Every structure is written in C-alpha cells, then in structure tokens.
Amino acid sequence: MELFFITSNDGKVREAKKFLEPLGINVIKKPLEYPEIQADTLEDVVVFGLNWLKDKVDKPFIIEDSGLFIEALNGFPGVYSAYVYKTIGLDGILKLMEGIENRKAYFKSVIGFYDGEIHLFVGEVRGRISNEKRGSHGFGYDPIFVPDGFDKTFAEMSTEEKNSVSHRGKALKEFYSWMILSG
Ligand code: IMP
C-alpha cells in the first residue's frame, strides 16, 4: 500500500518510514504547505489540515502535528512548539528552565489519516528536560528530551529506539493496529 505523508519535516518521514515500511506500507513524502491554524489542541490543528487538504491531494494520506508540553511552564510550548523552536530554540527553553527543579515534560503526537473519512491517532511519551543539549540524531527538541526509563535523550537514540518509546512511534502503532482491524 502507498501512503502519502504531507509534511516538509524529513525527521518525521524518516520515523514513519522506519516504522511502517517493514509492515508493507510505502510512505511517500509530499512537501505540500497547508495552513496550521492557531488552536488550543493538536487535534483541532490536524482536523483543520485534513479538511483543507482532502480535495487537493492523492489519497490515502496522513498529516501529523506534535508538541512538547513542559509541566513547570504550564504546558508551554505545547501547540506553539514549532514557533518557539524557531524563535528561542533549545537554548531558550534551557534558559527558561534554569533553577526549576520540576523538569517533567511530555511529547504528544496526533496523526490524521484521510481515506474519505477523518481518523485521528494519538501517542504520548512522558519524560524530562535535560540540563544540557545531548546527542546529534533526530530533530527539533530531541537533544533536550529524556524519556522516562532512560538516561539518554532522543537525540542519543537510533530512529528505531526512539520509535519504540516515542509519542510518534505510539501514534504510528495505533494507526497500524487500526488499519489491520479495519481491513
Ligand atoms: P509540528 O508538529 O511540525 O508543528 O512540530 C512542532 C515542533 O515540535 C517543531 O519544532 C518540531 O521540531 C518539534 N517536534 C515535533 N516532534 C518532535 C520530536 O519527535 N522530537 C523533537 N521535536 C519534535
């Protein structure tokens, strides 16, 4: 089966390919721009995107929206993660966290699948913000996120290892399980 992934993020595509291709789903990147509305939830962003894209692209396709939610910052950057990454970046987040003892955070991923209808698949991973940047793999906030049960950041993991615990890996697993069940 061929599945279009509408995104310009190579890191997301690499993770989806690593997970889905051994299962017989050929992921094809389509770097098409679509409006990412400013909304309160990732789910709202994804539903808007799917509705905007559904008559413009080949089916079936997925999009994905994700965010990093830091407990001590009341969930910031959350739905603003992409903007915050581009502006203050990892150093800005580490600076905001200086002197804060509670470093708990979670990542959330929402995958939207369109095959004539809208389907959402969600994954979350809990962890903490490291004291410094570590590792060179992955993308985005990976160098400062340590998932629960590990001492290394996502950026110190291979794609396979990250997928086995990550928010996106979990959402991809939900998606694949649903595909199998719905035939
Ligand atoms: P978006 O889903 O493309 O809107 O991404 C939101 C922000 O979170 C971007 O700055 C991404 O780089 C970052 N991000 C999304 N997923 C991950 C991840 O798996 N690891 C690290 N950063 C991520």
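Predicted model: local features only at pLDDT ≥ 70, side-chain atom pairs only at ≥ 80, totals over all residues.
Against which strands and helices do the buried residues of H1 pack? Residues are numbered from 1 along each chain as its sequence is written, and side-chain values use heavy atoms, with hydrogens and water left out.

**View 1. Packing of helix H1.** Helix H1 spans residues 10–20, and its buried residues are Gly11, Lys12, Val13, Glu15, Ala16, Phe19 and Leu20 (buried, under 20% relative accessible area; exposed, over 50%; partly exposed, in between; 1.4 Å probe, protein chains only). These residues pack against strands S1 (2–6), S2 (26–30) and S3 (61–70) and helices H5 (159–165) and H6 (167–182). Helices (H or I, at least four residues) and strands (E, at least two) are DSSP runs, numbered from the N terminus; contact means heavy atoms within 4.5 Å.

View 2. A salt bridge places a side-chain nitrogen of Lys or Arg within 4 Å of a carboxyl oxygen of Asp or Glu. Lysine 29 pairs in this way with aspartate 10, with 2.5 Å between the closest N and O atoms. Because lysine 29 belongs to strand S2 and aspartate 10 to helix H1, the pair ties together parts that are 19 residues apart in sequence. Lysine 12 forms a salt bridge with glutamate 64, the closest N and O atoms being 2.8 Å apart. Both lysine 12 and glutamate 64 are buried. A network of salt bridges links Lys12, Glu15, Glu64, Asp142, Lys162 and Arg168.

**View 3. Surroundings of the ligand.** The ligand is surrounded by 15 residues, the closest being Lys12, Ser66, Asp142, Lys162 and Arg168 (a heavy atom within 4 Å). An oxygen atom of the ligand lies 2.7 Å from a side-chain N or O atom of lysine 12. A polar side-chain atom of lysine 162 is 2.8 Å from a ligand oxygen. The protein buries 91% of the 480 Å² that the ligand exposes when taken alone (Shrake-Rupley method, 1.4 Å probe).

**View 4. Arginine 103 without a salt bridge.** Arginine 103 occupies the loop between helix H4 (89–96) and strand S4 (104–114). Arginine 103 is buried yet has no salt bridge, and the nearest side chain of opposite charge, glutamate 132, is 8.1 Å away (Lys and Arg count as positive, Asp and Glu as negative; His and the chain ends are not counted).

How values were computed:
Polar contact = N/O pair within 3.5 Å; in protein donor to acceptor, adjacent residues only side chain to side chain.
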